[in-house]
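Here is a short tour of one model, written for someone who likes cut-offs stated plainly. Have a look at the structure first, and then we can walk through a few of its parts.

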Amino acid sequence: MDGDRVYLGVDVGSASVRAGVFDDAGRRLAFAVRPIQQFRPRANFVEQSTADIWAAVCAAIREAVTRAGVAADAVAAVGFDATCSLVAVGPGGASVSVAEDGAVERDIVMWMDHRAVEETAAINATRDPALAYVGGEVSIEMELPKLLWLRRRFPDRFAAAQRFFDLADYLVWRSCGADTASVCTLTCKWNYLAHEARFPDAMLRAVGLGDLGAKLPARVLPLGSSPGTLTAAAAAAFGLSREVIVATGIIDAHAGGLALVGTRPAGSLALIGGTSNCHMVVSPQPIMVPGVWGPYFGAMLPGYWLNEGGQSAAGALLDWTLRQGEAWPLAEEAAARDRRSAYAVLNDWVADLAAREPWPTRHLHVLPDHHGNRSPRANPQARGMLSGLTLEGGRDALARVYLATLQALAYGTRHIVDSLNAAGHRIEHLVMCGGGTKNPLLLQEHADALGQDLHLVEEEDAVTLGAALLAATASGRFADLPAAAAAMVRPGGRVAPRADTRPFHAAKYEVFLQLYDDQQRHQARMAHWQ
């Protein structure tokens, strides 16, 4: 019976694999996590290994199913989401190195890798009409620049690759053997024009990628569909039946977006927080938003156009910032002693500082573009800034810069929302998921900076749940993804903005916007020295 069946959602993020077992009411029965490696041979180069990730996927699935206490044959389907990273596959499934030193195990260029600066510029210089569907410019984080980098630097490896996959599509292929790709991955990261069911061939030829089609999967499938069932090898590796249905893959942030807005698409923005932040909004008609990716047809919710904003560094920026502070070891020690998160300790330090100073960040301002600006500036060469430094040290200094960084990330989201609304969206409902939802101060600062209620969902790992929605729909349990979302996603709490903070945040937001203009003048003045 359907009620006895369960669904696996497997989320491959930047640093870990998470596998969740869900019933058809969206109740999580079990969860398992495995770390995965990142290789950083030099600045702006970030690579991973399919062997490492596949081993983590297998281990996480086995543990999650065991913890759920269900029989292997109770698992009806599995859905995969993953970061939008590039995988190179050679004959017989062998790895093709993407590393400068040729290390075979490093066969993935991560989404956050920024090596392809020249290649990104070359693609944008074509001024091809297809670029209108990525906010006007291809991003350095997308796949075509990375592919062009590999072709230019290592043509022998490019030639040796029989298939290039987005990571989610690789996991689907590895699981069921089907030579397919998702409309989500190809449209959002490979410049596939889903509304016309084609690639921009003229643009590909103009930059020397005219033969790329022969190295891509043969079929493009919609979300909620299935390319097949588990192969014998995958079933054995997972400890599951070969009858398990494999759903078409999806990008990790888009899985979260599907769970957040699947039942209320109109006027809703999904904020998926993690290493980076993604901002998803759909509309029945295409809306062009300068500096914001899309519109992409059917790339998150079938029948709708998707615009996707984002911040290239969010959780990663917070972690980096805190580790620069002299008081960070004190926060870690207090967290270990009290058996709680270091962020909870920092929140207490912020509360103590705010009790003594009503507006602790009034003279400290952060521009959070340390890894470039994804949206709406679309400038990978942007840099972060900190304005208002003093000789302050200790707990107060770390608490102050922590709070200022939280606010800066919130202003970055506000800038994206303002840009979306200016282009024609009408965002009235903000829903958030991801690790940041465990931090009450981060939530409150976002609600205050945006001046809107911030809504949550009950399931704290909405991205993994989104992958399970795909599995349940692909299995035939639900007629479509909105029906799956209606059955499996339940609302959570709500964080309201504090009215008395509105003037303060309005003033700081003006400073936030000005910081970028100041920095651009600095870069222009020093452009001669390269």
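Trp359 is partly exposed, with a relative accessible area of 34%; that label covers the range between buried (under 20%) and exposed (over 50%), using a 1.4 Å probe and protein chains only. Trp359 lies in the loop between α12 (342-356) and β18 (365-367). Leaving aside residues up to four places away in sequence, Trp359 touches Asp500, Thr501 and Phe504, where contact means heavy atoms within 4.5 Å. Pro129 is 230 residues from Trp359 in sequence, and their C-alpha atoms are 47 Å apart.

A word on the ground rules: this is a predicted model, in which local features need pLDDT of at least 70, side-chain atom pairs count only at pLDDT 80 or more, and totals for chains, interfaces and linings use all residues. Residues are numbered from 1 along each chain as its sequence is written, and side-chain values use heavy atoms, with hydrogens and water left out. Helices (H or I, at least four residues) and strands (E, at least two) are DSSP runs numbered from the N terminus.

Next comes the sheet. Seen in order, β16-β17-β15-β14-β20-β21-β22 make an open sheet of 7 strands with mixed pairing; two strands pair if DSSP finds at least two bridges between them. At the edges are β16 (293-297) and β22 (491-495), each pairing on one side only. From one strand to the next, the twist averages 25°, with axes fitted to C-alpha atoms (for helices over the stretch in contact) and angles from 0 to 180 degrees between N-to-C directions. Helix α9 packs on this sheet, and its direction makes about 140° with that of β14.

These are the elements in that packing:

| Element | Residues |
|---|---|
| Helix α9 | 252-261 |
| Strand β14, touched by α9 | 268-273 |
| Strand β20, touched by α9 | 429-434 |
| Strand β21, touched by α9 | 454-457 |

Helix α9 also touches β15 and β17. Strands β15 (residues 277-283) and β17 (residues 305-311) run antiparallel and are joined by 7 bridges, with Asn277 opposite Gln311 in β17.

How much of helix α15 is buried? For α15, 13 of its 13 residues are buried. Gly476, with a positive phi near 95°, follows α15.

Finally, Asp52 sits in helix α1 (residues 50-68). Asp52 touches Ile36 and Gln37, not counting residues up to four places away in sequence.
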